[in-house]
Amino acid sequence: MPIVSYARGVLAIAQTVHCWLAILTGLDEARRVRLAGYAERIATTLERAGEALRRLEANPVDRSARAQAVRELGRIAGYIDTMVGALEQQLDGRKLAGVKRRLEVLRPGELHRNVVAGRKPKDLDRLASAEGYFRALADGLRM
């Protein structure tokens, strides 16, 4: 999977989940805090992935940066899947099905071949935007 497709997919999921904030604020405090923790971990992982991709862009032969980018991006689908699993009882099936369909696109095994140097700033911007959506979700859930 090209990194551009991955970045688009993560951003689409982030925007969708963020739209659920109004619904999620009605959850009990323990669940809101738990979901906020998931959102914060996703945002932090996206931040680390973006840093690794920037290092790779600056030095295309940096194997460490490439490995870190693949590792961090590979974690995202798992985190989002865990978050969606925690919401199974709170959201209707259509909302969850949409995110699950988008999650199917995020297959980390395909990333290994496609995380390469020379990333367009737009790809990094999409990841940064997704990070922002998840941080905003975490903040909103903690209020």
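Which residue's side chain meets that of Glu 72 in a salt bridge with an N to O distance of 3.0 Å? The partner is Arg 48, where a salt bridge is taken as a side-chain nitrogen of Lys or Arg within 4 Å of a carboxyl oxygen of Asp or Glu. This is a predicted model, in which local features need pLDDT of at least 70 and side-chain atom pairs count only at pLDDT 80 or more, while totals for chains, interfaces and linings use all residues. Residues are numbered from 1 along each chain as its sequence is written, and side-chain values use heavy atoms, with hydrogens and water left out.

**Overall fold**

- The protein chain has seven helices and zero strands, with helices (H or I, at least four residues) and strands (E, at least two) defined as DSSP runs that are numbered from the N terminus.
- Read along the sequence, the pattern is therefore written α-α-α-α-α-α-α.
- Of the 143 residues in the protein chain, 45% count as buried, a class that means under 20% relative accessible area, with exposed meaning over 50% and partly exposed lying in between (1.4 Å probe, protein chains only).
- Among contacts in the protein chain between residues at least 6 apart in sequence, 84% join residues at least 24 apart, a contact being heavy atoms within 4.5 Å.
- The accessible surface of the protein chain comes to about 7200 Å², and 51% of that surface belongs to carbon and sulfur atoms, as computed by the Shrake-Rupley method with a 1.4 Å probe.

**Helix H3**

- Helix H3 covers residues 29-58, and its 30 residues should span 44 Å at 1.5 Å a residue, which agrees with the 43 Å between its end C-alpha atoms; the expected span is 1.5 Å times one less than the number of residues.
- At the start of H3, a side-chain oxygen of Asp 28 comes to within 3.2 Å of the backbone nitrogen of Ala 30.
- Gly 37 is found in helix H3 and is buried, with a relative accessible area of 13%.
- The C-alpha atom of Gly 37 is separated by 6.8 Å from that of Ala 138, although these two residues are 101 residues apart along the chain.

**Nonpolar core**

- The largest nonpolar core has 40 residues, and those with the most contacts inside it are Leu 24, Leu 35, Met 83, Leu 87, Phe 134 and Leu 137; such a core is a set of buried Ala, Val, Leu, Ile, Met, Phe, Trp, Tyr and Cys residues joined through side-chain atoms within 4.5 Å.
- The elements that give two or more residues to this core are helix H1 (3-19), helix H2 (21-24), H3, helix H4 (63-86), helix H5 (93-105) and helix H7 (121-142), and H3 gives the most, with ten residues.
- Leaving aside neighbours within four places in sequence, Leu 87 is in contact with Trp 20, Leu 24, Leu 27, Leu 35 and Leu 96.

**Ala 65 in helix H4**

- Ala 65 has its place in helix H4 and counts as buried, at 0% relative accessibility.
- Not counting residues up to four places away in sequence, Ala 65 touches Ala 52, Arg 55 and Leu 56.
- The C-alpha atoms of Ala 65 and Arg 55 are separated by 6.1 Å, the two residues being ten residues apart along the chain.

**Salt bridges**

- The structure holds eight salt bridges, and one of them joins the side chains of Arg 135 and Glu 40 (2.3 Å, N to O).
- Arg 135 lies in helix H7 and Glu 40 in helix H3, so this pair ties together parts that are 95 residues apart in sequence.
- Arg 135 is partly exposed, with a relative accessible area of 22%, and Glu 40 is partly exposed as well, with 23%.
- The pair of Glu 72 in helix H4 and Arg 48 in helix H3 ties together parts that are 24 residues apart in sequence; Glu 72 is buried, with a relative accessible area of 4%, whereas Arg 48 is partly exposed, with 27%.
- Glu 72 also forms a salt bridge with Arg 75, the closest N and O atoms being 2.8 Å apart.
- Arg 75 and Glu 72 are three residues apart in helix H4 and so are separated by about one helical turn, and Arg 75 counts as partly exposed at 32% relative accessibility.
- Salt bridges that share partners join Glu 40, Glu 47, Glu 131, Arg 135 and Arg 142 into one network.

Terms used. Polar contact = N/O pair within 3.5 Å; in protein donor to acceptor, adjacent residues only side chain to side chain.
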